Amino acid sequence: MSEGRGRILLVLPFENRTGQPSLEWIREASAEILSSRLASAGFAPMSREDRHYALDHLGLPQGFHPSRATALKLAETLDADSIVVGSYLTDGTGIVAEARLVDVPHLRMSQPMSARGEMRDLVAVFDSLAWRLTRQLAPGFTVAEETFVAAGSGLNLAAFEQYIRGITEPDQAERLRHLNQAVVLSPGFGPVWMALGREDYNGQQYEEAAKAFAKVGRNDPGALGPDALEAGFYRGLSLLFSGDYPNAEAAFGGVARVLPLAEVVNNQGVAVSRQGHDGSPLFRQAVAADPNAADYHFNLAVSLKRYGIAAEALTELAQCLRLRPNDSEAEALEKGWKEPDKLDKPDKQPAAGPNSSLTAEPKADPLERIARNFDAVAFRQAALMLDQVEASRLAALTPLQRAQKLAGQAKDYLDRGLLLEAERLYQSAVAADGKVSEAHEGLAEVRERTGDDEAARKEARAALRLEPSADAYLVLGRLDLAGGHLDDANKEAGEALRLDSTSRAAQELWRQIEARKGQRK
């Protein structure tokens, strides 16, 4: 189940072979869907922004149709291990999507894989294709195709089309029109809010941007990944620029708890400082994380000087100037600090407001500098390192401990409705130790939610053979209720309540059974 871990993929927009310009939006939609599913399967697909960077680097337009040679150049620029290329065409009222995998190191191209379905089921068609690609990339991958399809089943196709048009339209007004339509059609679709946040941020509409970034929900597949971290980072910036320093501090702190990168803790320190508190510990952390960044030394110097630690402040300012000799602000500050009447006097200033001006109070030290750019590559690399650390920790556990740990992580995904991620981890748990009942319970619920009743029963019974389980009885009870087997469902609900009398799910199942009995009478 770990075959895909860390493998970098480049999914290129598919070629539109329908002859219909109105279906051109599916080019980008194909890459979005496949990248999302492959990420959930444990791979590391490049983002759309990464792809655009590589195209710019090679001097190529964004909408071109790459040849095999150009695709390889793109992959080499991005250091990708594999490329996904493909096309789509219409078949009556349906759509047929075809894809090939290019193995970059060995310069080999796979046989074509295809999926087809009705146009209204476009997302499911690409979900099925993603499953086939995953099996090609990782032959040992055992997550069911139904789980891939279920992962996109809640996506409103009309909203998704508006979202794709919103991120590809060259005109900003048109981008906003499409994105706002997408939000109306699907208010819970996180990627739309992410795109709207970017638009508002770039337009310096910081309060609106903060609201949009806040709606990139934790139930999105990328909720703990780079997209959610980027949303948190830019939400923090938006709050800083709109003067909401307490919430900015909380936003950066939330990101730092996952990945305490230098730019994050630096900005958290700025938010603390703007509230009139000492941000020095956070600026020290930023300097330690990236000692070659002049601004972090500058910030630490300003903060130390404000709280009377003048000698160390001069040392940090000197380090800033060593790294950036032409920093005129730092030069002027060093000159001023070295004057005898200023050096040893603490210069504690009240928190500066968003409209403060250095010209209004010329003797005041400058404010600490804000790190404005989100380095998605650095975040992705740091996230990959965390994954590798976690994998090492898991490998050091006994098979039983590893299975229990994986099943616990999978339960969190399951509770958030992320079935693909949940099944992948449950399968890993079973592979580590097949005698952990929680893994079979979880797989039973995944199978139930994806509509595979037979497999759900099998996993629930496997869990019950290992130990009594309220969750396993609930799966069986819901299946029997749906099948009209009220006596069996009644017994299973009773067992679930006996094991967990406070279970709301068991109480609800019991009420449904009683209601069904009443209807029969």
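**Figure 1. Burial and overall dimensions of the predicted model.** Of the 521 residues of the protein, 48% count as buried. The model is predicted, not experimental. The protein contains 25 helices and 7 strands. Its C-alpha trace spans about 90 × 60 × 45 Å along the principal axes. The accessible surface comes to about 24900 Å². Carbon and sulfur atoms hold 49% of that surface. Among contacts with a separation of 6 or more, 57% join residues 24 or more positions apart.

Figure 2. In soluble globular proteins, nonpolar side chains tend to be buried together. Here the largest nonpolar core has 101 residues. Leu 129, Phe 160 and Tyr 163 have the most contacts inside this core. Its largest share, 9 residues, comes from helix H4 (residues 122-137). A second, separate core has 19 residues, including Leu 394, Ala 410, Ala 439 and Val 446. What does Tyr 163 contact, once neighbours within four places in sequence are left aside? The partners are Glu 32, Leu 179, Ala 182, Phe 189, Pro 191, Val 192 and Ala 195.

**Figure 3. Helix H9 and its buried face.** Helix H9 covers residues 206-214. Its buried residues are Tyr 206, Ala 209, Ala 210, Ala 212 and Phe 213. Seen down the axis of H9, these residues fall within an arc of 165°, so they line one face of the helix.

**Figure 4. Helix H24 and its cover.** Helix H24 runs over residues 486-499, 14 residues in total. From first C-alpha to last, H24 reaches 20 Å. That is close to the 20 Å expected at 1.5 Å a residue. Which residues of H24 are buried? They are Leu 486, Ala 489, Asn 490, Glu 492, Ala 493 and Ala 496.

**Figure 5. Two loop residues with positive phi.** Most residues other than glycine have a negative phi. Leu 107 is not a glycine, yet its phi is positive, about 55°. Leu 107 sits in the loop between strand E5 (94-103) and strand E6 (108-109). Its relative accessible area is 47%, so Leu 107 is partly exposed. Gln 204 also has a positive phi, near 60°. Gln 204 is placed in the loop between helix H8 (190-202) and H9. Gln 204 counts as exposed because its relative accessibility is 57%, and the cut-off for exposed is over 50%.

Figure 6. The whole structure holds 31 salt bridges. In one of them, the side chains of Arg 369 and Asp 295 meet at 2.8 Å, N to O. Arg 369 lies in the loop between helix H17 (340-343) and helix H18 (376-396). Asp 295 lies in helix H14 (residues 294-306). Arg 369 is buried, at 15% relative accessible area. Asp 295, at 23%, counts as partly exposed. Arg 369 also forms a salt bridge with Glu 329, at 2.7 Å, N to O. Glu 329 lies in helix H16 (residues 328-337) and Arg 369 in the loop between H17 and H18, so this pair ties together parts 40 residues apart in sequence. Glu 329 is partly exposed, with a relative accessible area of 31%.

**Figure 7. The salt bridge between Glu 368 and Arg 306.** The two side chains, of Glu 368 and Arg 306, meet at 2.7 Å, N to O. Glu 368 is in the loop between H17 and H18, and Arg 306 is in helix H14. They are 62 residues apart, and the pair links distant parts of the chain.

How values were computed: Residues numbered from 1 in each chain as written. Predicted model: local features only at pLDDT ≥ 70, side-chain atom pairs only at ≥ 80, totals over all residues. Heavy atoms only, no water. Helix = DSSP H or I, 4+ residues; strand = E, 2+ residues; numbered from the N terminus. Expected span 1.5 Å × (residues − 1). Buried < 20%, exposed > 50% of the residue type's maximum accessible area, 1.4 Å probe, protein only. Arc of directions from axis to C-beta. Core = buried A, V, L, I, M, F, W, Y, C linked by side-chain atoms within 4.5 Å. Contact = heavy atoms within 4.5 Å. Salt bridge = Lys/Arg side-chain N within 4 Å of Asp/Glu carboxyl O. Areas by Shrake-Rupley, 256 points an atom, 1.4 Å probe, with all protein chains shown as cover.
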